[in-house]
Amino acid sequence: QLFQRCAMARSQPHNDPLGTVSEEVIKTVLNRWIVRAAHDTAPFLDCMVPSWTDFDLLCSFLQRQFIVESPKCTTGVVNMESMKEAGTAFARLCYSLAEDLVQFRHQCEERCSPNWDDRSLGLSGSEVMRNGLGSMVCIDWSNRAKVYFSTKSFAKATERFIGSSSRLLTALFAAKKRYEIFGMLISGTPMDFRLTTETKESMMNEVAVKFEVWCDPFDVRGDNLFFGCFEDVDGAFGGFAPFGRNEAIHDLQNLRRGGRNGGSVVVLPPLDNTLASLYIRRIVDVLESGDQEQIPFSFLAILHAECFRDLSHSPTINDAMQLDPRLGDRQGAFVRCAEILQAGQHSFHIGEGDGSSQVSLTGSVLMVLQNGAGKKCFPITDQSLATVMNSMNPTTLQNHADTPFSSRGYAVEGFVNHSPIPPHSPAAVPQTNLTPHADIGGIAGPPLAGAFSGSNITVKPRTSRLPFLIDDGEEDNNADVVSGMLNNFDANLFQNRPTQDINIEELNGMGFFGAPLADSNIAPDGGRTTSRFLG
């Protein structure tokens, strides 16, 4: 409805403030709000529709985003007052739609039994053949809406599922719909990118990566644990809350799920300068805490050019270091190595599923940050780093990993601590116990009735703690396994069952199960040259 309303407005731009805003800008601003809301403390009505309960905060954010993003999509002059009016109109439209969703949520809660299951909601599963895709698993909601999984993806997601087997199909449907809509919003924008399968496999083999950050349950590799994008749907598959959203102690304890052995983490932040700064600050917090307790941690962070603000040049190590000014002080010892990935010499995946590889036309920065114990437990060598970087090379030249970095355009000069930024004291990590992991009994985390609760609405609005920086910015082998799974869950028996009149597609796809946000810490960003191993 948001896109339809804005499209109608563009047909009469002189009569509607939203008529001056392009669809590209709408998609960018929606995505930016979604990722901010996923990490921020301000309560909202719905996690996919801009709806902070502090309406002034919402208006201010949308106005700023329209002012910043619109000039990027037009060659003409952008009137700031018009963009402010458009931001206000968009805020009102979004808030009105979110209130409708809240009302719908309450109606669903009243109709749904506390002991609901896939059968009572009309969810069924079956194997189907799709042209060009082979055998697929289809989850059908009473012939009204369907989602499809490759047999391999279905098998892996089922293995990850930690709830009641009678609610598996609903959890899969909810998560798939959520990420389909999220994918629709970022499709065709710079925000549609992720690491390739080859790169993830290389990181697992070469630097023992066991955790992935800002990842969905269908893209996480092997047995890796992950910090997801939407806790309400990711939790059913063992996903943690978005990295940096809660206090540092929460992220620290999630990283210790395997005991005191610590962990090796790959971090690909959302393309947002504020969140990139949040991620780097949280990494430093975790490394410091790990040092105090002698727990080894290693982080491999890849910072796309869009993670930096107002850059007129390809990002440098200096830009990356200033995402947390503490790295200009003694905490800079955590930076084990740093490399520039040149424009045109590395690639990412775009699109759903296996996606397609696309060469990055902008530079990126690769950093390895480790504490003292992490350096010993997760050693990084020339060869292992070369192999990881080679996995991102779009041409993958023969014996490329054996080529010296300097001859491939990767500078090897030493890092000199010349940052003029005064040191910041590291944020204290409160010594409190982690809140027990949510009981995954409902569609997406808490039991269904609890998920429909209006807690998001009654929470007293608080000011966001994120500063509003103006941003310029193999499947055939699984067929028998899947068939057995479907039979075990008795999924095919439900196809002809009557169902209650609940729109599951809207319920799960539009992001109804958002939860109030917890605390997060943010630092401003800033602008070093390149470096190699730093100690």
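The count of disulfides in this predicted model comes to zero, a disulfide being a pair of cysteine sulfur atoms within 2.5 Å. Of the cysteines, C73 is partly exposed, with a relative accessible area of 30%, whereas C307 is buried at 0%. Here buried means under 20% relative accessible area, exposed over 50%, and partly exposed in between, with a 1.4 Å probe and protein chains only.

Residues are numbered from 1 along each chain as its sequence is written, and side-chain values use heavy atoms, leaving out hydrogens and water. Because the model is predicted, local features need pLDDT of at least 70 and side-chain atom pairs count only at pLDDT 80 or more, while totals for chains, interfaces and linings use all residues.

**The chain as a whole**

The protein chain holds 18 helices and eleven strands. These are DSSP runs numbered from the N terminus: helices are H or I of at least four residues, strands are E of at least two. Of the 535 residues, 56% are buried. The accessible surface is about 21,600 Å², and carbon and sulfur atoms account for 49% of that; such areas come from the Shrake-Rupley method with a 1.4 Å probe, and for residues only the protein chains shown count as cover.

Strand β6 covers residues 263-267, and five of its five residues are buried. G263, V265 and V267 point one way, S264 and V266 the other way. In a regular strand the side chains alternate between the two faces of the sheet.

| Partner of β6 | Bridges | Sense |
|---|---|---|
| β4 (residues 211-213) | three | parallel |
| β7 (residues 297-304) | five | parallel |

F211 stands opposite V265 in β6, and V266 stands opposite L300 in β7. From β6 the chain crosses through helix α11 (residues 273-293) to β7, in a right-handed β-α-β crossover. Right-handed means that, with the strands pointing away from the viewer, the path from the first strand over the helix to the second runs clockwise.

**The nonpolar core**

A nonpolar core is a set of buried Ala, Val, Leu, Ile, Met, Phe, Trp, Tyr and Cys residues joined through side-chain atoms within 4.5 Å. The largest one has 128 residues, and F66, F90, F299, I302 and M367 have the most contacts inside it. Helix α4 (residues 80-111) gives this core its largest share, twelve residues. Leaving aside neighbours within four places in sequence, M367 is in contact (heavy atoms within 4.5 Å) with residues including F299, L300, A301, L303 and C337.

Methods:
Two strands pair if DSSP finds at least two bridges between them.
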